[in-house]
Amino acid sequence: MIPGKETLVGKSEVQKEKYGSFALFDVEHFLRRVLRNWYWFVLMLSIGYVTSWFYGKYYAQNIFSSSLSLSISSNTASYFTPSQSINFIWGQNGNQDGVYLKKMLLSRSHNEFLVKELNLFTNYQTKGVIKSTFLDKGDSPVFLEVDRKHLQQVNYSITLTPKGNSSFEVSLPEEGESTSLYSYDFEGFQNVEPFKRPANKIIKINEWYTSPNLRFKLVSNPVKPSIKLENIIVNLSTVNDAVNGIVSTVGVDFDKEINTIMIISKTGYNLNSTVSFLNKSVGELQKKRFMDKTTIDKNTNVYLKESLADIRKKLDSSAAYLNYLKVSEKLYDITNRDEKSLEKIKNFEAKKADILSKMNSLSNIRNSVESQGFDKMISPSAAGFDDGLFTASVSELKALYLKKRELSSIYTPNSEPIKEINRLISEAKTNSTGSLRNVYTVYTTELNKINQQIAEASSDLTTYPEKQRKYLDAERGYNMIEATYNSLLNRQNESQMRLATNQSDITVIDPAKNLGQGPIGPNIKGTKMAIIGGCLALPLMLILLGSLFDSKIRNIKELISATRIPLLGVIGNNNNENMLTVLDSPKSSVAEAFRGIRANVRFLSGEDNKSKVIVVTSSVGGEGKTYISINLASVLGLGDKKTILLGMDLRKPKIFGDFNIDNKLGISNYLTGETTIDQIINKTNIPNLDVATSGPIPPNPSELLMSERNVKFIEELRELYDFIIIDSPPVGLVADAYELMKYSDANLYIVRHEYTEKYMLKMITEKYHNNEIKHLGLVYNDYVTKQGYGYGYGYGYGYGYGYGYFDEDKNYKEPLLIKVRNKIRAIFNR
């Protein structure tokens, strides 16, 4: 059945406005294009697989990780957290020493020491045919030892090739010599005169290699490597780059259950390198930690001893004065003493004495920081606080001052290195003094509170006589000095105990080991999938973009849905050299499709005895309206219907060539009155088919077609013929066809597959649904089988459904997908 025109009764203007509008994206057409281009996906899949294989085999550098766990022992807590720790005042939970150790492990001073101590500015690799592999220093048969007094070129590949007899050929790159060389002595660059590339040279172990940009010697590895290397590539880096590279790859975390256990990890391109670095780093930290701790404890012990001596003198003096008052004033006993208030005052003043003592120690620490007297620094425990950030910043400050002294012998005060080191010193000093300032603020607040409590408690003592108040004041002074003495004495005992029992407070639980850990990165599998997915996505995106920007008619179902205009039939691709498909191949599926259109035309105009005038038009030229007109007329003529074909596309005559007719006289001559009807009507090989060609191109084709003479011409032909087929001009270019449609009984609008633009159908659709054009039907032309199963089924004989059924289609080859589909259906039908 042909879908009929929908009624307009009750249809809103909004609904009618939608007719002729196509969807932006046709999912069905997109999927068909994907299936049709399957070979591109196979090709891109192959390319993606090969590329990902080369990536994993020759490009990806594996990243390894090793870890070490250590414990901060309990005596550390006693060292940094005395009984009156400021942490309790602040309400902190206190893993300050862990924070300090983390700060130290990630500090520049610690890692710079390791870089210089272990020569970590030399990096070893070996190169295969394509890929370079990073080596641990222990994997190399020789170590490269640079002359730190000589200028060296960094980031410059030095290739060592074994030549036997403990000799190696030194090869340098073909280009890349730099006149800016680096000094490991003062850690800066210096410009030199241009020089030629040093030639290759063979040197023996312990023999110095000297060139304008390098000086080094090779030292034999005491442990013979298990791997035999064809070459060793050494790259030098600056100390700063080496330190930054290490810090960025080291991570420090605390155990979630026991925060005194630290887990230190390092990533790198070589597992052995990460293992050796972690063990060496923690080992050096243990040594430095023990030395610093011992020094600080000794300084603290001396400081407390001197402070106790001073307080002892004050205590003896205060005791003598108190005895004097007892004897001279005979104040052995004061009656009616308020012992409760006096005891409260005594406790407050004991706390005050302790805070004042700690503030005095705090001032000592601050003076040491400001005067750079780090060798005389006392423990923060003497000041009653524990701040790992402060301790770390002091250590950093000490290292920076040492660095500045080294640089000051080389650079001027206004040079960039000195400015940078001053900036770092200022930053570290701000951190350390900021911590002290915070502690001092807490002590001051607590001291003011205690003074207020003492003042409130002392208000009751004003009722005592003057002599008794004098004695009580002396007694309070003695108690306060005694409390200070006892506080210092307790801290001295703690310091002496720590000094006597000093040992490493860092215990390694699990050292870093090479247990054959697999690489942690990169995600080679994920990258391979991404490469393959990207290759597959490329044709998919191209097809998607092509579908989004495609404005051609490619889908019959979408065409019918958008226009709501009846479809009379689907015509396949014309493989003949001329347009006479019905005459040349009457038993083909295409000819049968035209017969289907002939049968379906009656649905447009109804059954009556009136001659049927059929106008054939399209949007633009090239859509096949002339081809459809010729073959439809041929089918009608062969069907024993007296038919005439009129070539009324006066601007572009075509019909005469296919029928071998002379176009000197035609419709244009008749409409101008030059000829009669009999002179322009031509016979064809089909007895019932006549043809009237368009004739010479006139200067006013529109006026001729809209003339009264043309109307009478059609009416006269109605009396002579059963069917009048008019090949009219395209409606998208000129309005002539609309005028001819006023006198027609049926109108055929030709849409060509993958040629007609979607927007061209907007006008004809609107006119149809606004009843400006009646008896209109669509013919889908030039439909190709590569699209798969034909859409014509149900709308007449569609191209793609009947191929192989008709005799003249016996050489037709079904597409692969259709063939597979048919075989599957045949299996299930069994």
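A salt bridge here is a side-chain nitrogen of Lys or Arg within 4 Å of a carboxyl oxygen of Asp or Glu. Before using that, some ground rules: this is a predicted model, where local features need pLDDT of at least 70, side-chain atom pairs count only at pLDDT 80 or more, and totals for chains, interfaces and linings use all residues. Residues are numbered from 1 along each chain as its sequence is written, and side-chain values use heavy atoms, with hydrogens and water left out.

By that rule, you get 24 salt bridges. Take Lys625 and Asp649, whose side chains meet at 3.2 Å, N to O. Lys625 sits in helix H19 (residues 625–638), while Asp649 is in the loop between strand E18 (643–647) and helix H20 (655–658), 24 residues away. (Helices, H or I with at least four residues, and strands, E with at least two, are DSSP runs numbered from the N terminus.) Lys625 and Asp649 are both buried, meaning under 20% relative accessible area, with exposed being over 50% and partly exposed in between (1.4 Å probe, protein chains only).

Now compare Asp185 and Lys149, with their closest N and O atoms 3.7 Å apart. That pair also links distant parts of the chain, joining the E7–E8 loop to the E4–E5 loop, 36 residues apart. Lys149 counts as exposed because its relative accessible area is 68%, and Asp185 is partly exposed at 44%.

Glu284 and Lys280 make a local pair at 3.3 Å. They're 4 residues apart in helix H9, so about one helical turn separates them. Glu284 is buried at 11%, whereas Lys280 is partly exposed at 29%.

Finally, the helical stretches from the record. An unreviewed UniProt entry lists residues 38–56 and 529–549 as "transmembrane region"; such annotations may be inferred rather than shown by experiment. In the model, residues 38–56 are 100% helix, with end C-alpha atoms 27 Å apart. Residues 529–549 are 95% helix, with the ends 29 Å apart. Leu43 lies in helix H3 (residues 38–59) and is partly exposed at 40% relative accessibility.
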